[in-house]
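Hi,

Here is the structure I promised to pass on. Have a look at it first, and then read on for my notes.

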Amino acid sequence: MENIQFIKACDPEIASVIEREYSRQEYGLNLIASENTVSRAVMEAQGSIMTNKYAEGYPSKRYYGGCQYMDEAENLAIERVKKLFGVEYANVQPHSGSQANMAAYFSVLSPGDGILAMDLSHGGHLTHGAGVSFSGRLFNFSHYGLNPETETIDLNQVEDLARANKPKMIVAGASAYPRTLDFKGFSEIAKACGALFLVDMAHIAGLVAAGVHPTPVGYADIITSTTHKTLRGPRGGLILSSAERGKKINSQIFPGIQGGPLMHVVTAKAVAFKEALLPAFTEYQKQVVKNAAVLAKVLMERGYKLVSNGTDNHMVLVDFSGLDITGKDAEERLGQANITVNKNTVPNEKRSPFVTSGVRIGVPLITSRGMKEDAVGDIAGFICDVLDDEANVPKVATKVKELCTHYPLYGDTAC
Ligand SMILES: Cc1ncc(COP(=O)(O)O)c(C=O)c1O
């Protein structure tokens with residue numbers, strides 16, 4: 001258990017919440033595709049006195065005195081992430097992926113401009129034009145989806161929509177898409193119709209950093225990301241681009257949409273980027289892809305249909321269309337067996353977003369715990385046992401706890 005002695009002394013109620021959440025994480029299998037478990041070093045940075053400081057502005061151009069160490073930390077984060085992805089410019093201040101997207105749109109578009117992005121119900125993100133998000137309210141979105149036969153992105157459809165709607169920007173990137181994104185193909189379409197090309201690599205940033213998914217660098221005008229998913233850093237966002245676009249993007253983050261940066265988080269991003277530059281991080285990402293492939297294989301062998309019939313990345317999407325079980329049922333039932341997944345819409349979804357006909361299952365976090373193909377094969381079996389028959393829940397819940405004791409969330413290492 002983490003050291004929370006001061007919280008215990010000052011606030012036993014919150015200490016108890018943290019302790020119970022710790023047990024949930026330690027003794028359960030967290031298969032949420034967008035979550036991970038950060039290193040102790042990242043947590044230490046995020047819990048450090050860097051939280052005490054206001055640092056509005058950017059290194060060497062702050063609106064507050066006493067920012068010399070903030071400048072050092074932010075510059076380290078910037079230089080490391082530039083090296084990691086091979087780019088000229090980085091902004092490491094976005095508080096989240098959503099804010100990275102907002103500032104990126106604002107840096108090159110005006111309200112009312114057209115954007116072509118992936119449909120939310122086919123795997124896109126809220127900030128890619130959902131009506132309930134700022135994006136759908138401020139910009140004029142059109143959406144591409146999955147090809148009904150292959151259940152993969154159909155660049156012919158993207159091209160047809162781009163020609164018909166003449167968007168100012170095309171967005172590639174998704175929250176629930178298990179296949180490789182063809183950045184080159186997207187960029188050619190964007191170029192041909194005079195649109196800017198933005199890649200939101202939030203989900204796959206770690207895979208891209210390790211070279212196990214093609215990079216958008218060299219194809220995209222602007223790249224946005226979260227830092228907390230496969231990239232395994234603190235919760236937050238980042239924006240990458242050319243040096244030329246940097247000034248505009250900086251001003252859209254601050255003062256455009258944010259105030260003072262969360263400097264403890266920026267510092268923790270610097271630590272995470274250093275970790276991501278290590279060879280062990282590449283090995284980790286390779287294992288993520290291998291683990292997802294095993295998960296897909298076992299689920300399909302046991303008769304479950306996967307969107308696009310497989311995976312190339314860190315996640316699978318199980319499609320229960322035509323079965324009695326819903327995404328909501330599956331999420332609840334697996335939860336009772338200490339397996340956490342999230343319900344997810346599937347192509348041509350007939351049920352409401354609160355019920356859905358699918359679940360999204362990801363392996364980044366269990367891979368961080370050291371689980372390899374054997375353990376993942378067992379986990380896939382547990383999932384099928386629970387989905388096949390609710391009566392298997394108690395037996396599987398016990399097996400999950402037992403498995404977790406062999407793969408502690410945190411071993412003895414600092415990183
Ligand atoms: C593709 C994509 N973009 C952006 C975001 C937004 O990130 P955040 O939740 O940090 O705002 C997410 C989060 O799930 C995402 O999947």
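Before the rest, some housekeeping. This is a predicted model, in which local features need pLDDT of at least 70 and side-chain atom pairs count only at pLDDT 80 or more, while totals for chains, interfaces and linings use all residues. Residues are numbered from 1 along each chain as its sequence is written, and side-chain values use heavy atoms, with hydrogens and water left out.

Back to H125, then. You'll find H125 in the loop between β5 (114-118) and α6 (134-138). (Helices, H or I with at least four residues, and strands, E with at least two, are DSSP runs numbered from the N terminus.) Leaving out residues up to four places away in sequence, H125 touches S98, L120 and S175, where contact means heavy atoms within 4.5 Å. The side chains of H125 and T127 are joined by a polar contact of 2.8 Å. That term stands for a pair of N or O atoms within 3.5 Å; within protein, one must be able to donate a hydrogen and the other to accept it, and residues adjacent in sequence count only if both atoms are side-chain atoms.

H125 also turns up in the records: an unreviewed UniProt entry lists L120, G124, H125, L126, S352, P353 and F354 under "binding site". UniProt positions are given in the numbering used here, feature names are shortened, and annotations may be inferred rather than shown by experiment. F354, from that list, is exposed, with a relative accessible area of 66%. F354 sits in the loop between β14 (342-344) and β15 (358-362), and is in contact with K328 and K343 once neighbours within four places in sequence are set aside.

Now the ligand. It is surrounded by 13 residues, of which the closest are G97, S98, S175, D200 and K229; a residue is near a molecule or strand if one of its heavy atoms lies within 4 Å of it.

- a polar backbone atom of G97, at 2.9 Å
- a polar side-chain atom of S175, at 2.7 Å
- a polar side-chain atom of K229, at 3.2 Å

K229 has an annotation too: the unreviewed UniProt entry gives "modified residue: N6-(pyridoxal phosphate)lysine" for K229. K229 lies in the loop between β9 and β10 (237-241). With a relative accessibility of 11%, K229 counts as buried. Not counting residues up to four places away in sequence, K229 touches S34, N36, A202 and H203.

Next, the sheets. Strands of a sheet pair through backbone hydrogen bonds, either parallel or antiparallel. Here, two strands pair if DSSP finds at least two bridges between them.

Another open sheet has four strands in the order β11-β12-β15-β14, with antiparallel pairing. β11 (305-306) and β14 stand at the edges with a single partner strand each, so one side of each is left without a neighbour in the sheet. β12 (residues 315-319) and β15 pair in the antiparallel sense over five bridges, with M315 opposite G362 in β15. Helix α12 (residues 279-301) lies across β11, β12 and β15, running at about 20 degrees to β12. Axes are lines fitted to C-alpha atoms, for helices over the stretch in contact, and angles run from 0 to 180 degrees between N-to-C directions.

Finally, a look at helix α7 (residues 155-165). D154 caps the N-terminal end of α7, with a side-chain oxygen 2.9 Å from the backbone nitrogen of N156. Just after α7, K166 takes a positive phi of about 45 degrees.

Cheers

How values were computed:
Buried means under 20% relative accessible area, exposed over 50%, partly exposed in between (1.4 Å probe, protein chains only).
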